[in-house]
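Visitor: I would like a close look at one part of this model, with the rest of the chain as background. Please keep it brisk and give the cut-offs as you go.

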Amino acid sequence: MSADIQLETELQEMIIEACNLDEPPQEVDVDAFLIGPESPLGLDSLDAVEIVVAVERKYRVRIGGQETGRDVLRSLRSVADFIRQNSPA
């Protein structure tokens, strides 16, 4: 498994656990909206906080203010891209 796919798989599992979802990890589309009315998972702003906390802890990245968070949490792929660009080596 490539590092890119591995990171996205880890994020799928983390989001399901952090948000107490019943979906299998592979059902979380990497390009679908994560938060808001467009989210197939039905995640809201409280779920966004849970995801930010989990990502910051595990990957030691800092997701800044509300505007940055909105961009980062657009999709699972955007979260993975942010981690790749900002995680300590």
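In what order do the elements of the protein chain run from the N terminus on? And which residues of α4 are buried?

Guide: The order is α-α-α-α, read from the N terminus on. That makes four helices and zero strands.

A word on the ground rules. This is a predicted model, in which local features need pLDDT of at least 70, side-chain atom pairs count only at pLDDT 80 or more, and totals for chains, interfaces and linings use all residues. Residues are numbered from 1 along each chain as its sequence is written, and side-chain values use heavy atoms, with hydrogens and water left out.

Confidence comes next. pLDDT is the predictor's confidence in each residue, from 0 to 100. The chain averages 90, and 98% of the residues score at least 70. Among the elements, helix α4 (residues 76–86) has the highest mean, 95. Helix α3 (residues 66–72) has the lowest, 84.

Now α4 itself. Its buried residues are Leu76, Ser78, Val79, Ala80, Phe82 and Ile83. Buried means under 20% relative accessible area, exposed means over 50%, and partly exposed lies in between (1.4 Å probe, protein chains only). An α-helix has 3.6 residues a turn, so residues three or four places apart point the same way. What covers the buried residues of α4? The cover includes α1 (3–18), α2 (45–59) and α3.

Ser75 sits in the loop between α3 and α4. Ser75 is buried, at 8% relative accessible area. Set aside its neighbours within four places in sequence, and Ser75 is in contact with Val30, Asp31, Ala32 and Leu34. Contact means heavy atoms within 4.5 Å.

Ile15 belongs to helix α1. Ile15 is buried, with a relative accessible area of 1%. Beyond four places in sequence, Ile15 touches Leu21, Leu34, Leu43, Ile51 and Leu76. Leu76 is one of the buried residues of α4. Ile15 and Glu56 are 41 residues apart in sequence and 13 Å apart in space, C-alpha to C-alpha.

Helix α3 is part of the cover too. Arg70 lies in helix α3. Arg70 is partly exposed, at 45%.

Next, the loop between α1 and α2. Glu23 lies there, partly exposed at 29% relative accessibility. Leaving out neighbours within four places in sequence, Glu23 is in contact with Ile16 and Leu41. Pro24 is in that loop as well, partly exposed at 36%. From the C-alpha of Glu13, the distance is 9.7 Å to Glu23 and 8.2 Å to Pro24.

Two residues deserve a backbone check. Most residues other than glycine have a negative phi. Asn20 has a phi near 50°; Asn20 lies in the loop between α1 and α2 and is exposed, at 67%. Arg60 also has a positive phi, about 50°. Arg60 is in the loop between α2 and α3 and is exposed, at 59%.

Finally, the whole chain. Of the 89 residues, 39% count as buried. Take the contacts with a separation of 6 or more: residues 24 or more positions apart account for 54% of them. The C-alpha atoms fill a box of roughly 35 × 35 × 20 Å along the principal axes. The accessible surface is about 5500 Å², and 48% of that belongs to carbon and sulfur atoms. Such areas come from the Shrake-Rupley method with a 1.4 Å probe; for residues, only the protein chains shown count as cover. There are 8 positive and 18 negative side chains, and the centres of the two sets lie 9 Å apart. Lys and Arg count as positive, Asp and Glu as negative; His and the chain ends are not counted. The place of a charge is NZ of Lys, CZ of Arg, CG of Asp or CD of Glu.

Note on methods. Helix = DSSP H or I, 4+ residues; strand = E, 2+ residues; numbered from the N terminus.
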